[in-house]
Amino acid sequence: MKEINVAVTGGAGQIAYSLLPRLVSGETFGVDTKVNLRLIEIPQVVDKLEGTIMELIDCGFEQTGSLLATADIKEGVKDAHWVLLVGSIPRGIVVDGKKIEERSDLLKINGGIFTDQGEAIGKLAQEDAKILVVGNPANTNALIGRTKSENPAQSWFAMTALDANRAKAQLAEKAGAEISSVTNMTVWGNHSPTMYPDPYNAQIDGVSAVEVINDLDWVENEYLPLVQQRGKAVIDARGASSAASAANAAIDTVKAVDNKTEEGDWFSAAVPSDGSYGIPEDLIFGFPLTSNGQGKIDIVQGIELNDFAQAKIKITTDELLSEKEAVKDLLD
Ligand code: NAX
């Protein structure tokens, strides 16, 4: 059996609880790969991980390798092939006597975490490590982490696959089609309510979803808010934020990166912009991507963006630029 090392921050959180068994069961990295899992938590919580580890042992998967719990990011990411940065500080938490409500404060607090994590990953993880940021604000956290890693050979991603899966599901439901018939979904931009899930270039059985649905008013006025606000709708209904679907999307992203993309299709994740589609270089931006299955990820070129799309993409680009401005002290 091959062996890989996978590090996960936020190991005691609710997404991790759905995620971890699926990382070590053969489902994500293949049945012929043993997964050595390093769970990283803040010191106040790290002891709880012993219980999680007991449960993982009790699952009895033959692909489960060594299991480690640590509050030391350096120990956690050492020699990691994949790092899943799930942990972050949620809005509403009290830090130094102040309730964190403003997005700019949230950006700074989480930015501080991703500074240390980025440095450790750059120095200690594998030279070709892949890093997926799930913890919010995911794109800007990834920007900070990648900048501080000072290791361009490693590949950073921020997760937009949950948005893409939600976007596909809504199209399928509206069209009365099977979810598997919806392909070529892109979530452009930020993982935030400004994201642009692209119904024009998404396809249902190979035809533009907008043509299949044939209801422009729904597409332009109802569809976008449905996808953009889906996270909030889940919170309202469940009393907690998406966890099983977020874990599933993280697994989808790892598999999409590690395996060759099906001919003609693409997948959605945020990666450092290379200037494609006029997006400022290095912003961590949601693009349509393909993988050759050997570690090479390309931004799909030549996708047509109509005026509607361009207006939406400008909004999400501007938001990412303002987030970058808010954390500029952390990017030096
Ligand atoms: P939880 O609050 O259940 O768990 C987060 C865990 O992270 C906690 O156990 C906390 O102790 C830990 N943590 C905090 N700082 C840490 C650090 N410096 N090192 C290691 N661990 C640390 O949140 P959960 O529901 O699991 O969500 C995790 C993150 O995913 C949140 O930021 C959330 O906003 C984000 N999400 C991102 C999504 C995406 O599509 N990109 C969708 C789902 C989710 O909302």
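How are α1 and α10 oriented to each other? Before the answer, two notes on the basis. This is a predicted model, so local features need pLDDT of at least 70 and side-chain atom pairs count only at pLDDT 80 or more, while totals for chains, interfaces and linings use all residues. Residues are numbered from 1 along each chain as its sequence is written.

Helix α1 covers residues 14–23 and helix α10 covers residues 244–258; helices here are DSSP runs (H or I, at least four residues), strands likewise (E, at least two), numbered from the N terminus. The two axes come within 7 Å and cross at roughly 40°. Axes are lines fitted to C-alpha atoms, for helices over the stretch in contact, and angles run from 0 to 180 degrees between N-to-C directions. So α1 and α10 are oblique to each other; angles under 35 degrees count as roughly parallel, over 145 as roughly antiparallel, 65 to 115 as roughly perpendicular and the rest as oblique.

On the α1 side, I15, S18, L19 and R22 make the contact, and on the α10 side A244, A246, A247, A250 and I251. Contact means C-beta atoms, placed from the backbone, within 7 Å.

Next, α6, residues 161–175. Its axis lies 8 Å from that of α10, at an angle of about 105°, which makes α6 roughly perpendicular to α10. Here A161, L162 and N165 of α6 meet S245, A246, A249, D252 and T253 of α10.

Now the domains. The chain is divided into domain 1 (2–158) and domain 2 (161–326), with bounds from an automatic or database domain assignment. Their centres, taken over C-alpha atoms, are 23 Å apart. In the interface, 25 residues of domain 1 are in contact with 26 residues of domain 2. On the domain 1 side, the largest share, 6 residues, comes from α5.

Last, the ligand. Of the 28 residues around the ligand, G10, G13, I15, G87 and A246 come nearest; a residue is near if its C-beta atom, placed from the backbone, lies within 6 Å. The largest share of the shell, 3 residues, comes from α1.

How values were computed: Contact = placed C-beta atoms within 7 Å.
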